[in-house]
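Here are my notes after a first pass through the model.

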Amino acid sequence: MSKFQTSIHEYLETLPLQTFNRLYQKPATCLAIFRLLPPLGKQIIMSSLYVDTPIPVTDMKLWFKESAGLMKQKEAMQRLKALHIFSEERGNYAMNATFLEQFRNALTGGGNSQSFGLATSTPDKHHVDIAFLDDYATKQWEAILHFMVGTTEGRPPCKGVLNLLGRSGLMTGGSDVSSHADSMDARDFASQMARQDFGVPKITHKGFQFLLQDINTQVWAFLLQYLNMAESLNMDLVEVLTFFFQLGSLELGNDYSSETLTPTQTHLLEDLKAYGIVYQRKRGSRRFYPTRLATTLTSGTPVMLGSHTNATKLAAAAAVRKGEEEEGDDHGFIILETNYRLYAYTDSPLQIAVLNLFVHLRDRFPNMVTGVITRDSIRRALTKGITAEQIITYLTAHAHAQMRKHTPVLPLTVVDQIRLWEIEKNRLRPVQSWLYSDFGRQQDFESTLEYASELGVVLWSNQKRRLICITTEGHQAVGSYVRKLIIRQKEQAQQAQQARQQHQQQHVPSIAS
Amino acid sequence: MVKAVKGVVVECDTSVKQIILGLNEKGKFIIEDLDDTHVFVDASCIEQLRFDIDEILNENTYNVEESK
């Protein structure tokens, strides 16, 4: 089961130097990449930003204490080198010239500032506030997730999204069309639309794993898929990436002009609208608003988007109280007891659908659902390819504020039991192999075993019973070794016999004489 | 003379091993009983074996959902 790529770092590190040099031409990109770095990486960059000559490797080592510090320095430098921010030449670390210049620009506000997005100069007649944007982003994003879990809530996502879901392997087409032909509800309509591309979409193992991730990871996973797709669509990778990073540096609640965007980026804007990452009042409008999904892309802080209805309620509440801390509380809604009972304070069909993946839900009330985690419900999830670790992470991430007062957050008994259920599913560990038996002599067995263990292909062996299990990969080598042994043994036997015969022949005449 | 047989080495815990031995009474699929935690079986029976063991283990668990 392959994991989908979720980290932008891994993706960036696969890009060639040329791409980086073009990326670094935008101050916004430099800043965004800087924000994505670990603290030590940032520290190194900041320390050497205004040093105009290359820094000798030995000098930089002096910044760190002892071996532990040097290990960390090595790690950090490796990252920086992979991102082509630093290069090592003749014992000196040199910072990428483009990065250096543009990052200075980003910090001091010099150069061409358009890469941070051009704020519109005229006020918007149809200005929208943050609450609206949050609502919009949640609605769009959850529409996609809803579609994935197969709830009929909301309208089906547009074709671009369906296409992306299919290509990313989060959903696949099922060949069984007839079973879906009963009623034409919204979901079936969406499947109809998508059918030309990949049949009836069905959620895959990867899709289930995707659902349990936090929203920031989900957005990045989506965008990375988009990047992969962009290459095949002949879209310029640098422009797409630049735009993503630019979005990350925009300010929530402000409107930006779409006039400075390149044609590729305008096209991109259309697609991002569908994901709820940006908002545009109507197609071709001269201004766009980034939503919270966009502005938290590079910040590393979790996106505080509650369920759709919670967000609106919360926005209303926040408007009255102007309290920020309430927003944090909204994040958790699950209470899990030591008796495996689970209470989820949510009315979002999406969250209920996700919970339904691994919880046996019992009752539903206007503001909560109750359920119980059972062996069967966990096993159902496991067969769908969800791992115990993912379930535990999800429960921890969404634990109610009351639960957070305890350490550990989740009851240990339940966590352990979930892990045990997973192990129980894998009680058989079968390995394809060949069994070698009936070794004639102990020495043959021993030399074969020695040879096979040198190759590292022994799965199991028993000295007394002269049995060896060899992996299928090792079978050919070990087989020919054994054949050689047998031939040699035969030859030896023949030689011995000949010798005996000769001996006898010599012996016979002597008697006769 | 040395013999090589193709099959599957199954590693399992001792209780599952006993279940496998029990199942072997019905249809012979074990090629060689190796030790307490290993058994060498016919490659074609693995899926069936998995299913059977699951069934037997399921019978031996208390089910909360039914006890409503």
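**Notes on the predicted model**

1. Let me start in chain B, where B:Asn24 sits in helix α1, spanning residues 14–26. Bear in mind throughout that this is a predicted model.

2. Is B:Asn24 buried or exposed? Its relative accessible area is 11%, and since buried means under 20%, B:Asn24 therefore counts as buried.

3. What does the side chain of B:Asn24 reach? At 2.8 Å there is the backbone nitrogen of B:Phe29. If you skip residues up to four places away in sequence, B:Asn24 touches B:Phe29 and B:Ile30.

4. On to the packing. The largest nonpolar core holds 114 residues, and the members touching the most others are A:Ile85, A:Tyr275 and A:Phe358. Helix α12 of chain A (residues 215–232) contributes the most to this core, giving eleven residues. Another core of 17 residues lies apart from it, and includes A:Leu428 along with B:Cys45, B:Ile53 and B:Leu57.

5. A:Phe358 deserves a click. Neighbours within four places in sequence aside, its contacts include A:Leu212, A:Ile373, A:Ile378, A:Ala381 and A:Ile391, and also A:Ser377, A:Tyr394 and A:Leu395.

6. Now confidence. Chain A has a mean pLDDT of 76, with 80% of its residues at 70 or more. Residues 174–189 of chain A fall below 50, and that stretch has 16 contacts in the model beyond near neighbours in sequence. Residues 191–199 of chain A are also below 50, with 20 such contacts. Where pLDDT is low, predicted coordinates should not be read in detail.

How values were computed. Residues numbered from 1 in each chain as written. Chains lettered and ligands numbered in written order. Heavy atoms only, no water. Helix = DSSP H or I, 4+ residues; strand = E, 2+ residues; numbered from the N terminus. Buried < 20%, exposed > 50% of the residue type's maximum accessible area, 1.4 Å probe, protein only. Polar contact = N/O pair within 3.5 Å; in protein donor to acceptor, adjacent residues only side chain to side chain. Contact = heavy atoms within 4.5 Å. Core = buried A, V, L, I, M, F, W, Y, C linked by side-chain atoms within 4.5 Å. pLDDT = per-residue confidence, 0-100.
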